[in-house]
Amino acid sequence: MKTFHQTMALAACFATIMAIEPARSDEILVSAAASLTDAFNDIGKAYSAAHPGTVVRFNYGASGALQQQIMLGAPVDVFASASPKEMDALDAAKRLDPGTRVNFAGNRLVLIVPSGGAATHWADLRAPSVRRIAISNPDSVPSGRYAKETLTKRGLWTAVEPKMVLGENVRQTLTYVAGGNVDAGIVFATDAQIEKRRVKIVDEAATGKDHSAIVYPVAVITRSPNSSGARQFVSFLITPAAQAILERYGFARSAGSSAIKPGLSVPHRKPIVRSSASKR
Amino acid sequence: MAFNSSTLSPLWLSLQVASSAMMLIFPMGLLAAWWLAHGRDFPGKGVVETLLMLPLVLPPTVVGFYLLLLLGRGTALGQWLNDSVGLRLLFTWQGAAIAASVMALPLFIRTATAGFATVERELLEVGRTLGASEIALLQHVIVPMSYRGLLAALALAFARALGEFGATLMVAGSIPGRTQTLPLALYAAVQAGRDREAVAYTVLLSVVAFVVLGSVGLYEKRIAAGRAER
């Protein structure tokens, strides 16, 4: 019987553990594109330093997967996407807090090989020596979609499609290349920079010619559990301090301006964001 | 190795999720197991039994998708649960606990049924004819004879809940600090190429599995020894 009582005591402990509620009101949950991982980790620290007592949690993943989670009702405060498509879909579904959407960064798409890899430019992807190419899944990952656009524009897609290995987010694609498990890969320039020692950038896609401009929009999600914190975090992203961190990781300041829709473009120094989206 | 507060947070979360799952499973599983071991046969019992055991063989993603339909706003039932009942379980640790419960329930029922089967019906009937109350029977016959089996059931279900991946990913996502349990943290670490972290999680999960399985093995040996004595 002694063991039985011990079991009951253990069950009581479990009940106590269960009662601990991890979500707090001074927390901001940010769902962000995987390519933002390192920059946002730093920005989160800078934000917490400027707002003591506030914890910023990040949920990194493929922008498309994060969009789906929000559609299904994930309790997210802020969404930062690697492309406008996911944000547009959430906007159409009325999941964005009107007037909070803003473009805060830009990026470039590059062709990488494992250090010591043979390919040196886009056309080399046809070569038989390049047996496997990693891109991200174009259905749910922006970098994969831009990669497919680029390969299609360059007339390579049908030739290289059988060689494709699909990553579920851009960092997985990067890992495939860095580990030397594929012969080439297509990721954002900022991702390639993270694995400087193990991957080599050999070619770059031409923005506007190969693919549409790579713009990162961010917005507060409707029914955000911490909407005031969310708004503050979004405003923080366009402050010089946050922009400097993004720049350090290789992101462009608010992207190629020609591609930004009028009214959505962001003044760097103005603290709160005005956009056409607010006047629906 | 890479153990620090941020790599250990998935461990605490996993323990919280798996323990909560046990609280959900225990009452339900006990009733179901007792009924399967000692309940009266009726047409369709086999069907109910199969339904209860289904998560044992269904791909976890299938279970996850069912739960997504049930708990999300995609269906009328889910909408009602969310908006009228106010149940917001998707992408919360409570949602992860529900996913883990559904996946671990069959393992609990199975093992507990075997435990209850060691309680011979004749003994209970003898007890009743001698005037023992049902509570006395529970205290002096049923619990002493089956608690080892029940503990084994709990341990196995706990380990299964701790290792749940597929259904949890679909229902709770993989939100660090909120729903990213150990197996999900392992997957995220591998995806992102954080190898040291991945090794740490792998070792942790393997040790837990070994300890649980080892202790269940000990219980089973004791049960066997107990039978031999009789």
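In the predicted model described here, A:I133 has A:A184 of strand β8(A) as its bridge partner. Strand β6 (residues 133-136) and strand β8 (residues 184-188) of chain A pair in the parallel sense over two bridges, where pairing requires that DSSP finds at least two bridges between two strands. Helix α7 (residues 170-178) of chain A packs on the sheet and touches β5, β6, β7, β8 and β9 of chain A, and its direction makes about 145° with that of β8(A). Helix α5 (residues 142-153) of chain A lies across β5 (109-114), β6 and β8 of chain A and runs at about 125° to β6(A). Contact is assigned where the C-beta atoms of two residues, placed from the backbone, lie within 7 Å; angles run from 0 to 180 degrees between N-to-C directions, with axes fitted to C-alpha atoms, for helices over the stretch in contact.

The sheet is open and mixed in its pairing, with five strands in the order β7-β6-β8-β5-β9 (chain A). Strands β7 (164-167) and β9 (199-204) of chain A each have a single partner strand and stand at the edges, so one side of each has no neighbour in the sheet. Neighbouring strands of this sheet are turned by 35° against each other on average, direction ignored.

Chain A contains ten helices and eleven strands, taken as DSSP runs numbered from the N terminus (helices H or I, at least four residues; strands E, at least two). Residues are numbered from 1 along each chain as its sequence is written, and chains are lettered from A in the order in which they are written. Local features need pLDDT of at least 70, side-chain atom pairs count only at pLDDT 80 or more, and totals for chains, interfaces and linings use all residues.
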